[in-house]
Amino acid sequence: MTGQELTPGRALDFTQASPARTYNALLKGRTAYASDREAADKVIAMAPDAGQVARENFQFAGRAAAWAVAEFGIGQVADIGVGVLDADIGLPSVEECVLRVALDARVVAFDNDPVVLAHARSGRSYGRVLHGDVTDLDTVFGNLELGEALDRSAPTVVVLAAVLHFVADPAAVMAELGRRLAPGSVVVLSHATTTDTETRRVDGMTKAYDKATSRIRFRSEEEILGLVDGWDMVAPPGLCDVAEWGLPEPHDGQVGEHVRVVGLVAVRPGRNDRGRER
Ligand SMILES: C[S@@+](CC[C@H](N)C(=O)[O-])C[C@H]1O[C@@H](n2cnc3c(N)ncnc32)[C@H](O)[C@@H]1O
């Protein structure tokens, strides 16, 4: 381990690939190190379209979050597992997309990777990122730095883009979110899938993350749909390739052929504190 301790229990370590920096390498950002580029190269060797699919995923997150804010009139967004917001990526962040449709919306970003936090604190990222682990939602909703930034009695759009495939028990995360979020809250979720993807490619990409700080777990579309069991799916489009969500034609004409990341938007049903039924 090298570097300065930034968050409880985790130090900066550039020798081990991290999901955030490997994704940054796939997006052709500048915040990846040799270990991350090596992992990204292994992913691309198995799935030559991985960089394009990563870009489609990045755009899905912003597009779907902005849509949800505008459609449901929600004024606050928690982007959990935000990743490195590196200007070299050249794509608008979730925050930028949301502010385009709702200037007074609050967007709070969280991540558990110390490099993501260090990058944000250096001022090189656009926006502020707080330490938060999606598997321990006290670190998100109970985050002392959060202050009054999010009103927990009001609906929230929660963005979980390409983060749950780094989590061993995503159903537990969704159940906990369901307990904590006000009715009418919305989840924007994307996830790498085994469905319609060659097993050898899934195996190879999984192996690329073997030495990373978190391993990747591809899941079937059925398993991903199961995560929002009891939520109201926004359909159409339902669960689909991220390049297709909310667009009449696939974005840039590209849909993953070698690796598929699928996305959905779902609403937590029920009556909220303001008496509005969903
Ligand atoms: C593939 S990147 C996705 C970034 C961004 N959400 C997007 O879709 O463009 C996955 C991100 O999730 C973060 N992450 C992984 N496990 C996490 C956890 N348990 N809690 C919070 N963030 C996590 C990683 O550090 C990384 O920044």
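Modeller: Gladly! A residue is called buried when its relative accessible area is under 20%, and exposed when that area is over 50%. Keep in mind that this is a predicted model.

Colleague: Which residues of helix α4 are buried?

Modeller: Helix α4 covers residues 94–101, and its buried residues are Val94, Cys97 and Val98.

Colleague: Why do the buried residues of α4 line one face of the helix?

Modeller: Look down the axis of α4: the buried residues fall within an arc of 95°, so they line one face.

Colleague: Now the whole chain, please. How many helices and strands are there?

Modeller: There are nine helices and 10 strands. Of the 278 residues, 56% are buried.

Colleague: How does the radius of gyration fit a compact globule?

Modeller: The idea is to compare the chain with what its length predicts. A compact globule of 278 residues would have a radius of gyration near 19 Å, and the chain has 18 Å, which agrees. The C-alpha trace spans about 50 × 45 × 30 Å along its principal axes.

Colleague: And what share of the contacts links residues 24 or more positions apart?

Modeller: Among contacts with a separation of 6 or more, such pairs account for 73%.

Colleague: Last, what about the surface and the charges?

Modeller: The chain exposes about 12200 Å², with carbon and sulfur atoms supplying 49% of that area. It has 29 positive and 40 negative side chains, and the centres of these two sets lie 3 Å apart.

Terms used: Residues are numbered from 1 along each chain as its sequence is written. This is a predicted model: local features need pLDDT of at least 70, side-chain atom pairs count only at pLDDT 80 or more; totals for chains, interfaces and linings use all residues. Side-chain values use heavy atoms; hydrogens and water are left out. Buried means under 20% relative accessible area, exposed over 50%, partly exposed in between (1.4 Å probe, protein chains only). Helices (H or I, at least four residues) and strands (E, at least two) are DSSP runs, numbered from the N terminus. The arc is that of the directions from the helix axis to the C-beta atoms. The radius of gyration is taken over C-alpha atoms; the globule rule is 2.2 Å times the number of residues to the power 0.38. Contact means heavy atoms within 4.5 Å. Accessible areas come from the Shrake-Rupley method with a 1.4 Å probe; for residues, only the protein chains shown count as cover. Lys and Arg count as positive and Asp and Glu as negative; His and the chain ends are not counted. The place of a charge is taken as NZ of Lys, CZ of Arg, CG of Asp or CD of Glu.
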